[in-house]
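Work through the exercises below with the sequence and the 3D view open. Try each task before reading its solution.

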Amino acid sequence: PPSSDSLDPPMGGASFVPMPGQYATAVATVLALALAFALLERLRPAEPGQPARRWLFNLGYTPFILAFVFLLGPLAAPFYAAVLERTGGGLLPVFVDQDSSFAGHAVFALAYAFAWDLAQYALHRLQHAVPALWETHRFHHDESAVSAVAQARVHPTSYVLALLFHLPVLILFGPQAPHFAAAFLMFTLWGFVNHANLRVGFGPLTPAIAGPQWHRIHHSLRPEHRDRNLAVLFPVIDRMFGTYYRPGKSEYPPTGLEGIRVGSLRAATVEPFLGWARMMIGRAPRAA
């Protein structure tokens, strides 16, 4: 399961053991989406003139983080299987099957997505509030040129945490997951939509559906936008918990982090561990 910025659909069941062909298909799909959004971003960019090297780094990083996500599946499967056994295959009944109507699949997909978004919201908010967890999320926010390919800019440690925070969804629904078309729309495509460098707002739908302008607020440099708009799909979750910010009609702020920047390769690999080490060293004198 992804963290606050989705890359792939969550692993619905304990039997998720990816094959090489599935990985190749996932990489090809994500790269095709990246190229399609790059063309769209040239038509009406929120931030014109973004450096090509930032886009290329995030694109090149994508196959590596996808490989890590796929490797997590078999590692998590025994743990997920034990949870499913203890909960009898999920606390909620089976809602849809192959004979269910389109409406039934749509309603179930929305219910599942809302539960998933609540779980990832909890993780995302903790990552912004707890310094040790922020280290797992800093890499995603270090991007000053947010575009569709930045949806893949997630540190591996964030995905490990996402496995744990997916447990409530697994306990509720068991191995049930939305139809693959709905899962693709909500858990893969929407990550590109949210991060797209597009001057596009959703107008009256802004409080209901996350989009490029609304999520850009989350990546903003401006202090009034800090720790706002943490949901992935449903802004109503932010309204429920007091973190909602509705952007103005022409509000497309600069993005990134203030302060010292580290190299992207270091940030993508060892920086969280170095950050934890610095925190431990910093605490040692005060404890003495």
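**Exercise 1: A charged pair**

Arg153 and Glu143 form a salt bridge through their side chains, with N and O 3.5 Å apart. The model is a predicted one: local features need pLDDT of at least 70, side-chain atom pairs count only at pLDDT 80 or more, and totals for chains, interfaces and linings use all residues. Residues are numbered from 1 along each chain as its sequence is written, and side-chain values use heavy atoms, with hydrogens and water left out.

Task: Where in the chain do Arg153 and Glu143 lie, and are they buried or exposed?

Step 1. Recall the cut-off: a salt bridge is a side-chain nitrogen of Lys or Arg within 4 Å of a carboxyl oxygen of Asp or Glu.
Step 2. Locate the pair: Arg153 and Glu143 are both in the loop between H5 and helix H6 (156-165), 10 residues apart. Helices (H or I, at least four residues) are DSSP runs, numbered from the N terminus.
Step 3. Check the cover: Arg153 is buried, and Glu143 is buried too. Buried means under 20% relative accessible area, exposed over 50%, and partly exposed in between (1.4 Å probe, protein chains only).
Step 4. Widen the view: a network of salt bridges links Arg54, Glu143 and Arg153. A search of the whole structure gives six salt bridges.

**Exercise 2: Backbone angles**

Step 1. Start from the general rule: most residues other than glycine have a negative phi.
Step 2. Read the angles: Asp227 is not a glycine, yet its phi is positive, about 60°. Asn229, also not a glycine, has a positive phi of about 55°.
Step 3. Place the residues: Asp227 is in the loop between H9 and helix H10 (235-241), and Asn229 is found in the loop between H9 and H10.

Note on methods. Helix = DSSP H or I, 4+ residues; strand = E, 2+ residues; numbered from the N terminus.
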